[in-house]
Amino acid sequence: MKVAADPDPSLVSQPDMEPEAARDKDSFRNYTSGPLLDRVFATYKLMHTWQTVDFVRRKHAQFGGFSYKRMTVMEAVDMLDGLVDESDPDVDFPNSFHAFQTAEGIRKAHPDKDWFHLVGLLHDLGKVLALAGEPQWAVVGDTFPVGCRPQASVVFRDCTFQDNPDLQDPLYSTELGMYQPHCGLENVLMSWGHDEYMYRMMKFNKFALPPEAFYIIRFHSFYPWHKFGDYRQLCNEQDLAMLPWVQEFNKFDLYTKSSSLPDVAALRPYYQALVDKYCPGALRW
């Protein structure tokens, strides 16, 4: 008689609900009311004041050598136990749980794409910058291009940019700013934060993931583009081809957020195997 294999314990911990059903979609990303609004607004006010072309270029130079720390992916995940994202109106628990929530949502919907599961775990690991002493306004939150005028869908656009010096610049304050039409997002200087840092860290450490993974990591917080359709004047054909991947990822990044926290201990062996496959060992951060 054939004995049934023991079930994978990580599968037992998967959420029962579809990500879209976890909460009413309209209740996410509420920037007009809620108990966390003051904290969120203060973070965006600082971000929209100090994120400039010069600031972003200085951060590229500061962190481009990846000399902050050597650690594994799982050690970075554990670091996020100590971080609550001050730009997020939806959650007030450590970011490490959100990483597993996102990954498990993707795993349930796309069981055959293990690289995509890993992207769910990796996507916010750039937030270790906040634990390295960087202010949260330079790490978290929605991203936007610097060097051109902020478009209408940027969060709190009408009440947070008035002190940004770039908007007094005759070139940077125009719609195209310092860019050529349809130059491609790869040639656009994005506001500095965990997306751009993690993308560059993955390239530096030669993660063995497909191009879609790098693209998702780099632009998953660019809500004005992937959710609201702004900044299309900067996009090329590659950006439009990759857009559906970013939008698919966003369903799980956003709608799996829940105060029902996953059993991380049961899930770790599955994700450790993915790390060993795609980005093993101690990495430079």
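This note comments, point by point, on the predicted model shown above.

1. Overall composition. The chain contains 13 helices and two strands. Of its 285 residues, 56% are buried. Among the contacts in the chain with a separation of 6 or more, 82% are made by residues 24 or more positions apart.

2. Helix α2. This helix covers residues 37-50, which is 14 residues. From its first C-alpha to its last, α2 reaches 20 Å, close to the 20 Å expected at 1.5 Å a residue. Its buried residues are Leu37, Val40, Thr43, Tyr44, Met47, His48 and Thr49. The partner against which the buried residues of α2 pack is α8, residues 157-160.

3. Helices α6 and α10. Two packed helices are described by the angle between their axes and the distance between the axes. Here α6 (residues 114-122) and α10 (residues 211-219) have axes that come within 10 Å and cross at roughly 25°. Angles under 35 degrees count as roughly parallel, so α6 is roughly parallel to α10. The crossing in which α6 passes α10 is right-handed. On the α6 side, the contact is made by Trp115, Phe116, Val119 and Leu122; on the α10 side, Glu212, Ala213, Ile216 and Ile217 take part. Sorted by class, the contact of α6 with α10 has seven nonpolar residues, no polar residues and one charged residue.

4. Helix α9. Of the 11 residues in this helix (residues 194-204), eight are buried, so α9 is largely enclosed by the rest of the structure. The buried residues are His194, Asp195, Glu196, Tyr197, Met198, Tyr199, Met201 and Met202. Together, the buried residues of α9 pack against the helices α3 (53-63), α6, α7 (128-131) and α10, and against the strand β2 (283-284). Just after α9, lysine 206 takes a positive phi of about 60°.

5. Tyrosine 278. This residue is found in helix α13, which covers residues 264-278. Is tyrosine 278 buried or exposed? Its relative accessible area is 11%, and the cut-off for a buried residue is under 20%, so tyrosine 278 is buried. In sequence, tyrosine 278 and leucine 209 are 69 residues apart, yet their C-alpha atoms are 6.3 Å apart in space. Leaving aside neighbours within four places in sequence, tyrosine 278 is in contact with Asp114, Trp115, Leu118, Phe207, Ala208 and Leu209. One of these, Trp115, also belongs to the contact of α6 with α10.

6. Glycine 177. The loop between α8 and α9 holds this residue. With 9% relative accessibility, glycine 177 counts as buried. Which residues does glycine 177 contact, leaving aside its neighbours within four places in sequence? They are Gly147, Cys148, Leu171 and Tyr172.

7. Glutamine 233. This residue lies in the loop between α11 (223-226) and α12 (237-255). Its relative accessibility is 18%, and glutamine 233 therefore counts as buried. Apart from its neighbours within four places in sequence, glutamine 233 is in contact with Gln151, Glu175, Leu176, Pro181 and His182.

8. Points to review in the model. The reader may wish to locate the crossing of α6 with α10, and then the buried residues of α9, which pack against both of these helices among other elements. Glycine 177 and glutamine 233 may then be found in their loops, where each counts as buried.

Note on methods: Residues are numbered from 1 along each chain as its sequence is written. This is a predicted model: local features need pLDDT of at least 70, side-chain atom pairs count only at pLDDT 80 or more; totals for chains, interfaces and linings use all residues. Side-chain values use heavy atoms; hydrogens and water are left out. Helices (H or I, at least four residues) and strands (E, at least two) are DSSP runs, numbered from the N terminus. The expected span of a helix is 1.5 Å times one less than its number of residues. Buried means under 20% relative accessible area, exposed over 50%, partly exposed in between (1.4 Å probe, protein chains only). Contact means heavy atoms within 4.5 Å. Axes are lines fitted to C-alpha atoms, for helices over the stretch in contact, and angles run from 0 to 180 degrees between N-to-C directions. Angles under 35 degrees count as roughly parallel, over 145 as roughly antiparallel, 65 to 115 as roughly perpendicular and the rest as oblique. A crossing is left-handed if the near helix is turned anticlockwise from the far one by less than a right angle, and right-handed if clockwise. Ala, Val, Leu, Ile, Met, Phe, Trp, Tyr, Cys and Pro count as nonpolar, Asp, Glu, Lys and Arg as charged, and the others, Gly among them, as polar.
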